[in-house]
Amino acid sequence: MERLKNTSILITGANCGIGQTTAEECAKAGAAYIVILCRNARTAAEAEKSIKAAATHPQFRVQTVACDLSSLESVRECTAVLVGAKETFDHLILNAGVMMVEQGKTVDGFETHIG
């Protein structure tokens, strides 16, 4: 956990479950900046509060960027926001995913689990 002090971290799917707990633990460990990529704005706002409450870094920042990984257009928009911010990240935690959902397709026509 010492390696996380003063670092910047990007975490996908950090608005609930393992992703949110991971973000909170990174904040407790002294991360300076965490970006959470989430598709649900309401749960992301709640997660942000919880992550901020766990933070120990004196200038800690957390930011949510909308990203629905089932939509390539949303991924492109998210990428544009991240590139435009000109931030660098010390760590990427790729947590987002779906499991055991009914068979379906993404907006781009891919099977849900693959998309």
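Buried residues account for 36% of the 115 residues in the protein chain. The structure is a predicted model, and the values that follow are computed from it. The secondary structure consists of three helices and four strands, and from the N terminus onward these elements follow the order β-α-β-α-β-α-β. The radius of gyration of the protein chain is 14 Å, close to the 13 Å that the globule rule gives for 115 residues, so the chain is as compact as a globular protein of that length. Along its principal axes, the C-alpha trace spans about 45 × 30 × 25 Å.

The contacts and the surface complete this overall description. Among contacts with a separation of 6 or more, 67% are accounted for by residues 24 or more positions apart. The protein chain exposes about 7200 Å², and carbon and sulfur atoms supply 55% of that area.

The largest nonpolar core has 18 residues, of which Ile9, Ile34, Ile36 and Ile51 touch the most other members. Two or more residues of this core come from each of strand E1 (8-12), helix H1 (17-28), strand E2 (33-38) and helix H2 (41-54). Helix H2 gives the most to the core, with four residues. The surroundings of Ile51 can be listed in detail: with its neighbours within four places in sequence left aside, Ile51 is in contact with Ala14, Ala23, Glu24, Ala27, Ile34, Ile36, Phe60 and Val62. Two of the residues in that list, Ile34 and Ile36, are also named among those that touch the most other members of the core. Apart from this core lies another, of seven residues, which include Leu10, Val35, Leu37 and Cys67.

How many disulfides does the model contain? The count comes to zero disulfides, under a criterion that requires a pair of cysteine sulfur atoms within 2.5 Å. In general terms, a disulfide is a covalent bond between the sulfur atoms of two cysteines. For Cys26, the closest cysteine sulfur is that of Cys38, and because the separation is 14 Å, it is too far for a bond. Cys78 is likewise in no disulfide; its nearest cysteine sulfur, that of Cys67, is 3.8 Å away. Are these two cysteines, Cys26 and Cys78, buried or exposed? Cys26 counts as buried, at 5% relative accessibility, and Cys78 is also buried, with a relative accessible area of 4%.

Helix H3 has 14 residues and reaches 20 Å from its first C-alpha to its last, close to the 20 Å expected at 1.5 Å a residue. The loop between strand E3 (61-66) and helix H3 holds Ser71. Ser71 is buried, with a relative accessible area of 13%. Its contacts, once neighbours within four places in sequence are left aside, are with Val107 and Asp108.

Within helix H3 itself is Val75. Val75 is partly exposed, its relative accessible area being 26%. When residues up to four places away in sequence are not counted, Val75 touches Cys67, Asp68 and Leu69. Val75 and Ala41 are 34 residues apart in sequence, and their C-alpha atoms are 15 Å apart in space.

Just after helix H3, Lys86 takes a positive phi of about 55°, in a residue other than glycine. At 73% relative accessibility, Lys86 counts as exposed. Asn6, in the segment before strand E1, also has a positive phi, near 60°, and is a residue other than glycine. Asn6 is exposed, with a relative accessible area of 57%. For both residues, the threshold for the exposed class is a relative accessible area over 50%.

Terms used
Residues numbered from 1 in each chain as written. Predicted model: local features only at pLDDT ≥ 70, side-chain atom pairs only at ≥ 80, totals over all residues. Heavy atoms only, no water. Buried < 20%, exposed > 50% of the residue type's maximum accessible area, 1.4 Å probe, protein only. Core = buried A, V, L, I, M, F, W, Y, C linked by side-chain atoms within 4.5 Å. Contact = heavy atoms within 4.5 Å. Rg over C-alpha atoms; globule rule 2.2 N^0.38 Å. Areas by Shrake-Rupley, 256 points an atom, 1.4 Å probe, with all protein chains shown as cover. Expected span 1.5 Å × (residues − 1).
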